[in-house]
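Subject: Structure handover and findings

Hi,

Here is the structure we talked about handing over. My notes on it follow below.

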Amino acid sequence: MQVQRRGPGPQADSQDTTVQASAAAFAWQAAATGLAMMILSVGDDSYGVGYGGGLAAVGLLCMCGIGPLVLAVAGWAHAGAYTLPATLAAHAAVRRWAGPEWVWTAGSLAALASVYAAGAALLFDVSYAPAWLWIAASGVLPALSAAYWRRRSASSAKPKIWRRTSVAGAGLAGATLVLGVTALLTGVITEYEPPNLTERQLTGVWQGRDDGAVVRLHPDGRAELDSVPYEGENYRFTDDALSRCTGTGTWHRVVAPSAGERAAVRIDVGSCARLTDWTIGGTDDDPELFALFGDPDSGDLHILDKE
């Protein structure tokens, strides 16, 4: 007697379609979003972070090589952890209480995003509302893609989800690139220019955002420092912590080669050797002083805001 083997069943096939479709959509969505953020970052201050020249080109080539694999893995992880659970919860709600499936799917995505946003707020010290908004928005296009391909699966066997989604995804990324380049060429997005603050505008009290540092710059050239970070004589950025300077000295405005020929504040305090120049950043209405310690690509960034 011949035993007939059964397939995984319609429910398992639907789940597989959901995972494949949402993973492919998220991968291309992430590519387009990353490209847009890269273009928009032209108008932001880099704070001296990152490599330049040939090293930047090498890094870009490496990302082009491993980028598709990274995006694919990220897509599968997002689908398994977010889109699939939300879709299954929506299907269960429809069977139990009826109603439009898209309403239950949207509610499931929002509810699950609230849980992940709470975890992100605790682990990464980010604001809850923006985290929730980003996570919830990340599931919209994958959920729509999954719904579309589940309907296609009812009439066609095993659609080539990744291949066909890639055509639409490539169009999305291409459109993002064209719009971004057009915005740069037409001046809608302009390259960041730091404010040109005079010594008179620099005088006042500058406070650290997270570390309690305080710098008081007086009009007569005196400077008062309280718990201001600096590298110190024996600092090694691979394993040593920053020193803290508290004392009185002098200050003046300079153009620092270490900051890419940008204007900076140089402070001299006799008891604190090797004080770092604080580069002028921010905007005219919201000026900043910043210093990057350690590795230029992933250093320890400290920012002072003016009261």
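First, a definition for helix pairs: a crossing is left-handed if the near helix is turned anticlockwise from the far one by less than a right angle, and right-handed if clockwise. By that rule, the crossing of α3 and α4 is right-handed.

Some ground rules. This is a predicted model, in which local features need pLDDT of at least 70, side-chain atom pairs count only at pLDDT 80 or more, and totals for chains, interfaces and linings use all residues. Residues are numbered from 1 along each chain as its sequence is written, and side-chain values use heavy atoms, with hydrogens and water left out.

**Overview**

The protein chain has 7 helices and 8 strands. These are DSSP runs, numbered from the N terminus: helices are H or I with at least four residues, strands are E with at least two. Of the 307 residues in the protein chain, 35% are buried. Buried means under 20% relative accessible area, exposed means over 50%, and partly exposed lies in between (1.4 Å probe, protein chains only). Contact means heavy atoms within 4.5 Å. Among contacts between residues at least 6 apart in sequence, 57% join residues at least 24 apart.

**The α3/α4 pair**

Back to the helices. The axes of α3 (residues 101–124) and α4 (residues 128–138) come within 8 Å and cross at roughly 135°. That makes α3 oblique to α4. Axes are lines fitted to C-alpha atoms, for helices over the stretch in contact, and angles run from 0 to 180 degrees between N-to-C directions. Under 35 degrees counts as roughly parallel, over 145 as roughly antiparallel, 65 to 115 as roughly perpendicular, and the rest as oblique.

On the α3 side, the contact is made by Ala110, Ala113, Ser114, Tyr116, Ala117, Ala118 and Ala121. On the α4 side, Tyr128, Ala131, Trp132, Ile135 and Ala136 take part. By class, this contact has 11 nonpolar, 1 polar and no charged residues. Ala, Val, Leu, Ile, Met, Phe, Trp, Tyr, Cys and Pro count as nonpolar; Asp, Glu, Lys and Arg as charged; the others, Gly among them, as polar.

**Cores**

A nonpolar core is a set of buried Ala, Val, Leu, Ile, Met, Phe, Trp, Tyr and Cys residues joined through side-chain atoms within 4.5 Å. The largest one has 26 residues, and Leu225 and Ile267 have the most contacts inside it. At least two residues of this core come from each of β2 (214–217), β3 (222–230), β4 (243–256), β5 (262–268), β6 (278–282) and β7 (287–293). The largest share, 4 residues, is from β3.

Which residues does Ile267 contact, leaving aside its neighbours within four places in sequence? They are Val215, Leu217, Ala223, Leu225, Thr250, Trp251, Leu275 and Trp278. A second, separate core has 9 residues, including Leu109, Ala117, Ile135 and Ala136.

**Strand residues**

Leu304 sits in strand β8 (residues 300–306). Leu304 is buried, at a relative accessible area of 1%. Not counting residues up to four places away in sequence, Leu304 touches several residues, among them Trp206, Gly208, Val215 and Trp278. Leu304 and Gln207 are 97 residues apart in sequence, yet 5.0 Å apart C-alpha to C-alpha.

Lys306 is also in β8. Lys306 is partly exposed, at 28% relative accessibility. Its C-alpha is 6.6 Å from that of Glu288, 18 residues away along the chain.

Ser243 is in β4. Ser243 is partly exposed, with 28% relative accessibility.

**Loops**

Most residues other than glycine have a negative phi. Two loop residues here have a positive one.

- Ala98, in the loop between α2 and α3, has phi near 65°. Ala98 is partly exposed, at 42%.
- Asp125, in the loop between α3 and α4, has phi near 55°. Asp125 is exposed, at 71% relative accessibility.

Val49 lies in the loop between α1 (10–40) and α2 (53–97). Val49 is partly exposed, at 37% relative accessibility. Val49 and Gly299 are 250 residues apart in sequence and 7.3 Å apart in space, C-alpha to C-alpha.

Best wishes
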